[in-house]
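Thanks for making the time this morning. I would like to walk you through one structure, going from a single annotated position out to the chain as a whole.

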Amino acid sequence: MHESATPGPIEVAAVEVLEKQMSLSNSLGLLGRKVGMMRLFTDDGDAVPVTVVDVSNNRVTQIKTQENDGYVALQVTFGSRKASRVTKPEAGHLAKAGVEAGEIIQEFRVTADTAGKYAAGATVPVTDVFSVGQKVDVQGTSIGKGYAGTIKRHNMASQRASHGNSRSHNVPGSIGMAQDPGRVFPGKRMTGHLGDVTKTTQNLDVIRIDEARQLLLIKGAIPGSKGGFVSVRPAIKAKAAKGAN
């Protein structure tokens with residue numbers, strides 16, 4: 001006798017959970033580099049702080065399909081890298097698509113219709129993905145601060161700086177309790193490494209697009225330092241405008 005190939009309810013539930021974990025958004029984004037910050041002036045004379053992001057020359061390195069890979073996605077690369085800095089497996093992968101090696105590579109889960117618009121080796125223009133006034137989510141690596149104290153690391157309030165406080169101004173104070181339980185609980189907020197983690201800033205507005213230079217001007221600050229790599233994609237929590245269907 002042979003077992004039935006029909007998946008059971010537990011297997012189906014596991015696949016659904018895995019799919020939810022793999023993607024929160026089925027929209028195409030772009031990779032780029034944080035150039036720096038500047039300000040723009042409106043017609044009313046108001047100054048708007050913006051971050052300039054270079055998203056030029058995003059190249060499609062692979063198109064993943066439901067039949068071959070089990071999901072639909074576009075793999076995109078950005079930047080340029082010396083051939084001597086590329087591993088042989090990656091070089092073969094990029095050569096298959098006829099794409100120059102990039103500094104960063106990432107997948108974006110998309111619909112089948114979106115994937116059908118591009119071919120391996122194609123360049124994705126910024127205007128294909130974003131428009132002025134659109135809300136976006138920007139992901140990058142935050143600036144590393146090194147080993148930081150408790151007050152700075154957890155944004156705590158320091159103690160009194162007036163009379164009566166002896167050398168305990170910028171310290172957390174006591175960290176434990178009495179003989180019962182006689183220990184410090186795990187997870188206590190204390191000193192440690194600060195920054196240098198993946199962060200996402202959500203619902204930022206695209207103020208202007210420089211199509212000639214492939215630049216995005218996004219209102220506000222984004223994670224990372226100047227020259228850092230970022231990923232920009234349409235916001236997943238943006239509220240629809242009032243009256244929209």
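This is a predicted model: local features need pLDDT of at least 70, side-chain atom pairs count only at pLDDT 80 or more; totals for chains, interfaces and linings use all residues.

Let me begin with glutamine 179, which sits in the loop between H5 and S9, where helices (H or I, at least four residues) and strands (E, at least two) are DSSP runs, numbered from the N terminus. Residues are numbered from 1 along each chain as its sequence is written, and side-chain values use heavy atoms, with hydrogens and water left out.

Glutamine 179 counts as exposed because its relative accessibility is 78%; here buried means under 20% relative accessible area, exposed over 50%, and partly exposed in between, with a 1.4 Å probe and protein chains only. An unreviewed UniProt entry annotates Gln179 as "modified residue: N5-methylglutamine", and such annotations, given in the numbering used here with shortened feature names, may be inferred rather than shown by experiment.

Isoleucine 175 is also placed in the loop between helix H5 (150-153) and strand S9 (192-194), and at 35% relative accessibility this isoleucine counts as partly exposed.

The ring centres of phenylalanine 78 and phenylalanine 229 are 6.4 Å apart and their planes stand at 80°, so the pair is edge-to-face. Since phenylalanine 78 belongs to strand S4 (residues 73-78) and phenylalanine 229 to strand S12 (residues 229-234), the pair ties together parts that are 151 residues apart in sequence. Phenylalanine 78 is buried at 3% relative accessibility, whereas phenylalanine 229, at 30%, is partly exposed.

What does serine 27 touch, leaving aside its neighbours within four places in sequence? Serine 27 lies in the loop between helix H1 (9-22) and strand S1 (30-41), is buried with a relative accessible area of 19%, and is in contact (heavy atoms within 4.5 Å) with Phe108, Arg109, Val110 and Pro234.

Finally, the whole chain: there are 5 helices and 12 strands, and 33% of the 245 residues count as buried. Of the contacts with a separation of 6 or more, 70% come from residues 24 or more positions apart.

Definitions and conventions
Rings of Phe, Tyr and Trp (its six-membered ring) pair if their centres lie within 6.5 Å; planes under 30 degrees apart count as stacked, over 60 as edge-to-face and the rest as tilted.
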